[in-house]
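Here are a few exercises to work through with the model open beside you. Try each task before you read its solution.

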Amino acid sequence: MAVSARNRQARALFAPLGPTYDRYARLLSFGQDPRWRRFLLSRIAAGPHDTVLDVATGTGAVAAQLVHETGCAVVGLDQSAEMLATARRRLAGAGLADRVRLVQGRAERLPFEDASFDALTFTYLLRYVDDPSATLHELARVVRPGGTVAALEFGVPPRQPWRALWELWVDFGLPGIGHALSPGWGEVGRFLGPSIRGFYREYPLERLARLWRRAGIDDVRWRLLSLGGGVVTWGQRA
Ligand SMILES: C[S@@+](CC[C@H](N)C(=O)[O-])C[C@H]1O[C@@H](n2cnc3c(N)ncnc32)[C@H](O)[C@@H]1O
């Protein structure tokens, strides 16, 4: 499958962010992102003999947490060489390099055999692919039957006044703060609001859950976190 314009756009967006990603990603989620990740990990059933695939691993935050909390081995996959370079430094610094193997590749075409992982996580991925349904099929393909799949994504708070505050934050707060941090974060600040809104316009949570089921993932559930600013979805490979 050829590299698409959207793949290239995501590569360009993330290329300058690696070294500052962890610090500023937390800031841009109002400090909520660590909480969301903890809930994501609580949905994953894995132990020391299991191997978990973390797709769009970025700087390896979820991968490191998976090893700490479950003792499992992790394969972290991302299309960005720059984000993986930061992940490599983080994992070496934490003494986890022997438990996490990093692979450069695309979620749309995973370089792994069918059913080769005991569980799978992905965070902030589906807004960056052309065809979320096809990508979900590809993600499900590499998980063994019974393995858990869990994902974290930004959400749009459904209720007022939080919705109005969220709109103000993504329209003015994020672009302004991003711009003040660096040109790269300025780009992210302008990109995120339209990206999140556009994604849920096309894929409301109920539709997304149907796509998960069609991809071969059963018992699909989701939970809104921080008044809907974050969404964790999970299920079990059929
Ligand atoms: C917002 S970052 C999230 C990183 C990490 N999951 C986290 O939560 O800190 C999104 C990541 O998705 C990666 N990405 C985007 N499109 C991808 C694709 N099609 N296949 C693999 N990785 C992709 C980017 O390179 C980037 O590292």
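A residue counts as buried if 20 or more other C-beta atoms lie within 10 Å of its own, as exposed if 12 or fewer do, and as partly exposed in between, with C-beta atoms placed from the backbone. Helices (H or I, at least four residues) and strands (E, at least two) are DSSP runs, numbered from the N terminus. The model is a predicted one: local features need pLDDT of at least 70, side-chain atom pairs count only at pLDDT 80 or more, and totals for chains, interfaces and linings use all residues. Residue numbers start from 1 along each chain as its sequence is written.

**Exercise 1.** Find the buried residues of helix α6 (residues 132-141) and say what they pack against.

*Solution.* Start with the helix itself: P132, T135, L136, E138, L139 and A140 are buried. Next, look for contacts (C-beta atoms, placed from the backbone, within 7 Å). The buried residues of α6 pack against β1 (51-55), β4 (117-123), β5 (143-154), α9 (205-214), β6 and β7. Finally, check the direction: α6 runs at about 135 degrees to β5. That angle is taken between N-to-C directions, on a scale from 0 to 180 degrees, with axes fitted to C-alpha atoms, for helices over the stretch in contact.

**Exercise 2.** Work out the strand order of the open sheet and name its edge strands.

*Solution.* Strands pair if DSSP finds at least two bridges between them. On average, neighbouring strands are turned by 15 degrees against each other, direction ignored.

Now compare two pairs. β4 and β5 run parallel, joined by six bridges, and T121 has A150 in β5 as its bridge partner. β6 (residues 217-225) and β7 (residues 230-237) are antiparallel, over seven bridges; here W222 is partnered by T233 in β7. Four residues sit between the strands of this hairpin, where S226 takes a positive phi near 50 degrees.

**Exercise 3.** Is L96 buried or exposed, or something in between?

*Solution.* Locate L96 first: it's in the loop between α5 (81-93) and β3 (100-104). Then count: L96 has 17 C-beta neighbours inside 10 Å, so it is partly exposed. Last, list its contacts, skipping neighbours within four places in sequence: A64, V67 and L91.

Methods:
Two residues are in contact if their C-beta atoms, placed from the backbone, lie within 7 Å.
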